[in-house]
Amino acid sequence: MTINGNYRATRSIDTRCWKSISCILLLVSFGRPDGYAQSPPVRAVPTVRAQTNATTVLEDSDHRANFSLNGDWHYMVDPYFAGLYTFHHEEKKDGWFENRKPRPGDTGPVEYDFSKSPTLRVPGDWNTQADRLFFYEGPVWYQRDFDFTPTAEKRIFLHVGAANYRAWFWVNGKRACDHEGGFTSFDCEVTGLVHAGGNFIVVAVDNTRRADGVPTLETDWWNYGGLTRDVSLIEVPQAFIDSYDLHLSRADRKTIEGWVHVSGAKTGEEVTINIAEAEVTVTAKVDEDGRAVVRLVPKELSLWSPEHPKLYQVELTAAADTLKDDIGFRTVEVRGTEILLNGQPIFLRGVSIHAEAPYRTGRANTQKDVDTLLGWAKELGCNYVRLAHYPHDERMMRTADRMGIMVWSENPVYWAVEFDKPEVYAKAEAQLGEEIGRDRNKASIILWSMANETPNTDARTRFLTTMAAKAREMDSSRLITAALLVRTEGHTKIVDDPLGKALDVIGANEYIGWYEQRPEDAGKTVWKIAYGKPMIMSEFGGDAKAGLHGSANERWTEEYQASIYRYQLGMLNHIPQLRGMSPWVLMDFRSPMRQLPGIQDYFNRKGLISDQGDKKQAFFILQKAYIEGLVGKTE
Ligand code: GCU
């Protein structure tokens, strides 16, 4: 995001402005129509924060038997969080998590009653389910009853696909866990809290934006709040497989190597991995930490690729636990300025995608949403997608695995988070851990992105360099990237952000023809890239209202957007180390920052397709370039 005092002028960095923090703060405020009050972004009084405690990530949980808690939940909107805090802002001992209701003879007034409250569908954001919640940011309480019979000797975990942004969980009035971070899945143990017969669960979710949040106060996407992805109960044996890493060795592209972790295992417990179709089985023993290192050398292995998205059913067994997963085996690496998939240079023909549900809008979280979005990407001729700016629903990765679409997955370190705060780093690293914890065995994911358009400060570079090292430590089989801002001097684009040193692949965002210059200036633009690394043009594009037509010089028309794409494709073909692109963006998406009446109406209109599925002219220009191979060089 440019910083030159005039926010909308350009998108590249006018180096004069970097230093002045005031530029950044200028961007904050925007209007507030009717409906529920929007709690002001938390900056002042440090509140009792929900630490991510007692949560973990059960890998492959979508392949485990589970008891779904999806459906209609009662809800109560609580802007002052009166259900949790006293008038002196201390945590209540008898908060709404007790799920009481007024009864004759009560010693004090009970001022809530879930059974008499309306319902919200889970999974789902609240903003698109009730008009009065469209703009609402703040705490909302969820409650539902459920009958359940625990299996003897089993442990029970509450699985949450995502809860935006902070969430507190109680089962039968007892605190189970808290979590911070709106886009990653997590699990918390509720063994002993759930009993046979009738149970109830109460959840408080607060999507208030926070300066010390990840993301922070400004996002060019709608801050959809709530239990936005699946919620369920999962039973596992006392000792069970909670995480594993199985990937193809870059050394020989024949050996499958990795590890399996068994929670609650005794040292020496056996783990067996069987890939029947590849006629290979291996058994290994766990060490004192419950971890077993494994190595399998199948006689033959068909490698995963977009052309041949081969998935193998892998069966993992340890003690009384058996887990099945569908895994593709492939290698991805860089060689100079090339990206190699299974040792072959590739070009990433992509598009950027937000998790906005097509047609109905709101947070995307169904197989139908996923099939529509990835179906359009495939129709466009893509072999790759950038999932922005946060981890998407697990279905997206599973489907990309099956469809043979390579994925850029991103941690929501977006714009100017508080890079100088260790507690903010801890949040970002925790979210990265959850992201990798859920998706490390998804063949489709080839790139972990650390961040998007962050300011070039020393604190930022330290923060993200540390995080990149952590990502490599957690997963050495993928490439690390980030979407960088670029500097502009006349018609020269300079990619020399110091963060580039920590990356395997450079992502660069530019908006020639929209936030700066004219579409045709792309044709005059020269790129200076300070790194001998592969580069992906992670964003470019412009807004167009579907169906709005005019001359190619008229902003907001399809013709103007089409003109941007034509000139961009020409320019991109002249960048020698360009190895991929993901124009901004596949589909129009909601944003509180986009308010031009009659055109934007709270939508970012840079989509190649409208939120109602109308393909704009630029869609067909890019489709032609991708399908006829008119853009991109693999080496
Ligand atoms: C930015 C940013 C996106 C944003 C886009 C835009 O570069 O990364 O999140 O939506 O530009 O301005 O449309």
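Does Gly 343 count as buried or exposed, and what is its relative accessibility? In this predicted model, Gly 343 has a relative accessibility of 16% and therefore counts as buried, the cut-off being under 20%.

**View 1. Gly 343 and its surroundings.** Gly 343 is found in the loop that joins strand S19 (338-341) to strand S20 (344-345). Leaving aside residues up to four places away in sequence, Gly 343 is in contact with Arg 253, Thr 331 and Glu 333. Phe 134 lies 209 residues from Gly 343 along the chain, and 48 Å separate the C-alpha atoms of the two residues.

**View 2. The crossing of helices H4 and H5.** The axes of H4 (residues 422-439) and H5 (residues 458-474) come within 11 Å of each other and cross at roughly 25°. Because this angle is under 35 degrees, H4 is described as roughly parallel to H5. The crossing of H4 and H5 is right-handed. On the H4 side, the contact is formed by Val 424, Tyr 425, Ala 428, Glu 429, Leu 432, Gly 433 and Ile 436. H5 contributes Phe 463, Thr 466, Met 467, Lys 470, Ala 471 and Met 474. Nine residues of this contact are nonpolar, two are polar and two are charged.

**View 3. Helix H6 and what covers it.** H6 (residues 558-572) has 15 residues, which should span 21 Å at 1.5 Å a residue; the end C-alpha atoms are 21 Å apart, so the two values agree. The helix is mostly covered, with 12 of its 15 residues buried. Among the buried residues are Tyr 560, Ile 564, Leu 569 and Leu 572. The elements covering the buried residues of H6 include strands S30 (526-529), S31 (535-539) and S32 (578-581), together with helix H7 (617-627).

Notes:
Residues numbered from 1 in each chain as written. Predicted model: local features only at pLDDT ≥ 70, side-chain atom pairs only at ≥ 80, totals over all residues. Heavy atoms only, no water. Helix = DSSP H or I, 4+ residues; strand = E, 2+ residues; numbered from the N terminus. Buried < 20%, exposed > 50% of the residue type's maximum accessible area, 1.4 Å probe, protein only. Contact = heavy atoms within 4.5 Å. Axes fitted to C-alpha atoms, helices over the stretch in contact; angles between N-to-C directions. Parallel < 35°, antiparallel > 145°, perpendicular 65-115°, else oblique. Left-handed = near helix turned anticlockwise from the far one by under 90°. Nonpolar A, V, L, I, M, F, W, Y, C, P; charged D, E, K, R; others polar. Expected span 1.5 Å × (residues − 1).
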